[in-house]
Amino acid sequence: AISLAPSQSSDALFRLAEINGLRKQYSRQIALLDRLISSFPDTPAVAQAEYQKGRAYLLQGNNDAAEKAFVATATRYSQSEEGRLALLQLALLYYNTQRIEKSLDTYTQLMHRYPKSAEAATAFTHLKSICIEEGRTDYLQSAVQKTGGAFSLSESESRELEFKALEGEYKRRSQEAESKMEAFVARYRVGSDVSTIQKYLADMAFERGDRDRAYTLYTALATEVGQLPRAAQSSVLQRLGALQLERDDKQAAYDTYHTLYAQSSDRSLRMQAAEKAAEMALAMEKWKSAVAMTTEALTTLGEEGAERLHLLRGMAHSELGERAKALAEYKTILSKTDLSSGAEATVYYATLLAKGSNKERHEAKQLLNKFIEKGTPHEYWLARGILALAEIYRSEGDKVTADQYVESLKNNYPKREDDILERIARYQDQQTATPKR
């Protein structure tokens, strides 16, 4: 085609260059575009050829050559579509090569010079995204003002952009994030975005160990926790519950974990919340509340992983004097002594059983002997089992065997931050105390 119609071959050269580009033969594409530019400098196709040459360099991975080509195109053909497209490509290239400021300035320049163009509208979209990611909403506001009203941000859009920018700063843990978030909360005061920012402030306080500030913020959030996404609701209630436990505020912790149980959709989290709520009820001697909480959870959540709920319900029944119910509850998990709850239930079951008939006391002794012989990873409850067995032997008048068990435990139990050695001391004090006359 070129040899047959040389005066009209710029179009043929351009199409041939396009074909090579589609085949990813970028060096050949660039050579053909250079030939077109030099052979037909006055044709309309030159502007498009200059722009496509920059694109070919970009796809080839030659950023420096691409930048030069786009700069040349934007300068020479500033009033054409190719000139505006070249500015867009330049802005994107600057951003991808970590020259953020130049990228922002180039997008702004495009909006300012060609406010009614499609490229300027695209530039505005890109500028908003980058300013959000980089936390530069101040720059965005300034850029909009420079366009003389051609572009604008509504109040709701400005708020949304500021919120998204703050989320980015929070995730990066920037130094200015906290002060900016506090200003956002003070300015807007209410709304789901404000609640989310307040959660971020609470999380930051919690993570740096400022428990008082975190407690204050989480407490305020708990009153309007429904405005947060469900996962965030659970996080707030979990941390608030933990802080209330640290403060030994049992009633508040019970209420928080009860709310977490009711609001969460995650089975595992609901199970944990039910356990914590029941523990708080037991600590406050609200035995019926503990029974109600564990029964509701067992009915709703099922048996899988529910060993601790059975243990806690058994403890509540025991405190209520409902011996048969307590024994039945403990019995459901006696075989699971590899779990802490199973080991604990074994000790409680045997202790309760030993207070009954001779037959029950014998059963308790057998159970504890098997428990000790089998062993458990939970050394504290193994030690408690040994002490419970010693008490049975003592109650039967076999003080020698009882003392042997206790002495062996005393010599072999490692010193820890628990009460086993204290329990041993109390046992031995009881043996040496002079009976009152």
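**Figure 1. D193 and its partner R159.** D193 is buried, with a relative accessible area of 14% (buried means under 20%, exposed over 50% and partly exposed in between, with a 1.4 Å probe and protein chains only). R159 forms a salt bridge with D193, the closest N and O atoms being 2.6 Å apart (a salt bridge is a side-chain nitrogen of Lys or Arg within 4 Å of a carboxyl oxygen of Asp or Glu). The pair links distant parts of the chain, 34 residues apart: R159 is in helix α9 (residues 155-172) and D193 in helix α11 (residues 192-207). Helices are DSSP runs of H or I with at least four residues, numbered from the N terminus. The model is predicted; local features need pLDDT of at least 70, side-chain atom pairs count only at pLDDT 80 or more, and totals for chains, interfaces and linings use all residues. Residues are numbered from 1 along each chain as its sequence is written, and side-chain values use heavy atoms, leaving out hydrogens and water.

**Figure 2. The salt bridge of K336 and E307.** Between K336 and E307, the closest N and O atoms are 2.8 Å apart. K336 lies in the loop between α18 (323-331) and α19 (340-354) and E307 in helix α17 (residues 307-319), so the pair ties together parts 29 residues apart in sequence. K336 is partly exposed at 32% relative accessible area, while E307 is buried at 13%.

**Figure 3. The salt bridge of E396 and R361.** The side chains of E396 and R361 meet at 3.7 Å, N to O. E396 is in the loop between α21 (379-395) and α22 (399-412), and R361 is in helix α20 (residues 358-374). E396 is partly exposed, at 36%; R361 counts as buried, at 18%.

Key. Helices (H or I, at least four residues) and strands (E, at least two) are DSSP runs, numbered from the N terminus.
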